[in-house]
Amino acid sequence: MKFFVDSAEIDAIAELNDLGMVDGVTTNPSLILKSGRDILEVTKEICDLVEGPVSAEVVALESDAMIAEGRKLAEIADNITVKLPLTWDGLKACKVLSGEGKMVNVTLCFSANQALLAAKAGASFISPFIGRLDDMHIDGLDLIEDIRTIYDNYEFETEILAASIRSVNHIQDCAKIGADVITSPPDVIKKLASHPLTDKGLDAFMKDWAKTGQKIL
């Protein structure tokens, strides 16, 4: 499974990247706002830092404008993935941009039918939103499983990029289902290393080590 970091905060991305935990990055207008940075500037900095795909999202709503913005964003670096909304205009733009050889991430996917259309339009990635479905009392993981079945049935090359990750259990379950990628806030990725029994065991080891009166260095 690939780990993408859902952030436009350079320091947080760099920390995980240094550990080899970053296979790519996703951004969106809300994350750009949170960063307080210029979209072209911060996206270029992320692309220079990370080798894998970096999703940069268009803000136009009409296909021709989406295509123009997508081409502009793709000029930032070779690893840019143009991020498009799953609307009919977004699918039109996806078909054109993917036809030009650009990576495309189709986002805001909430149904398997939408994911099927994105794959047909040539999307590199489809981003189903787990947490936002959970907020509506619909199991977002069921959507990941449905898309996995459909894509496997027809050997679509579009990668399932599970988004709106809220917990470590989301990541674990996506891995079990077979999502190709998860994109998560940095803090959730870091929480994967935590377990209360690890903390308890380490505390016991440290207390016993103190009793030995020894030092390693």
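What percentage of the 217 residues in the protein chain do buried residues make up? In this predicted model, buried residues account for 45% of them.

**Figure 1. Overall view of the protein chain.** The secondary structure comprises 11 helices and eight strands. Along its principal axes, the C-alpha trace spans about 70 × 40 × 30 Å. The accessible surface amounts to about 11700 Å², and carbon and sulfur atoms contribute 54% of that area. Of the contacts with a sequence separation of 6 or more, 57% link residues 24 or more positions apart.

**Figure 2. The closed barrel of eight strands.** The strands pair in parallel and follow the order S1-S2-S3-S4-S5-S6-S7-S8. On average, and with direction ignored, neighbouring strands of this sheet are turned by 30° against each other.

Figure 3. Strand S1, residues 2-6, runs parallel to strand S8, residues 181-184, and four bridges join the two. Within S8, Val-181 is the bridge partner of Lys-2.

Figure 4. Helix H5, formed by residues 88-99, lies across strand S4 (80-85) and strand S5 (103-109). The helix runs at about 155° to S4.

**Figure 5. The largest nonpolar core.** In soluble globular proteins, nonpolar side chains tend to be buried together. The largest such core in this model contains 57 residues. Leu-84, Ile-126, Ile-147 and Cys-174 have the most contacts inside this core. Helix H8, residues 140-154, gives the most to the core, with five residues.

**Figure 6. The surroundings of Cys-174.** Cys-174 is among the residues with the most contacts inside the largest nonpolar core. Leaving aside residues up to four places away in sequence, Cys-174 touches Met-1, Ile-130, Leu-141, Ile-144, Ala-162, Ile-165, Ala-179 and Ile-182.

Figure 7. A disulfide is a covalent bond between the sulfur atoms of two cysteines. With a cut-off of 2.5 Å between cysteine sulfur atoms, the count of disulfides is zero. For Cys-47, the nearest cysteine sulfur is that of Cys-94, 19 Å away, and Cys-47 is in no disulfide. Cys-47 has a relative accessible area of 7% and is therefore classed as buried, the limit being under 20%. Cys-109 is likewise in no disulfide, and the nearest cysteine sulfur, again that of Cys-94, is 12 Å away. With a relative accessible area of 0%, Cys-109 is also buried.

Notes:
Residues numbered from 1 in each chain as written. Predicted model: local features only at pLDDT ≥ 70, side-chain atom pairs only at ≥ 80, totals over all residues. Heavy atoms only, no water. Pairing = 2+ DSSP bridges. Axes fitted to C-alpha atoms, helices over the stretch in contact; angles between N-to-C directions. Contact = heavy atoms within 4.5 Å. Core = buried A, V, L, I, M, F, W, Y, C linked by side-chain atoms within 4.5 Å. Buried < 20%, exposed > 50% of the residue type's maximum accessible area, 1.4 Å probe, protein only. Areas by Shrake-Rupley, 256 points an atom, 1.4 Å probe, with all protein chains shown as cover.
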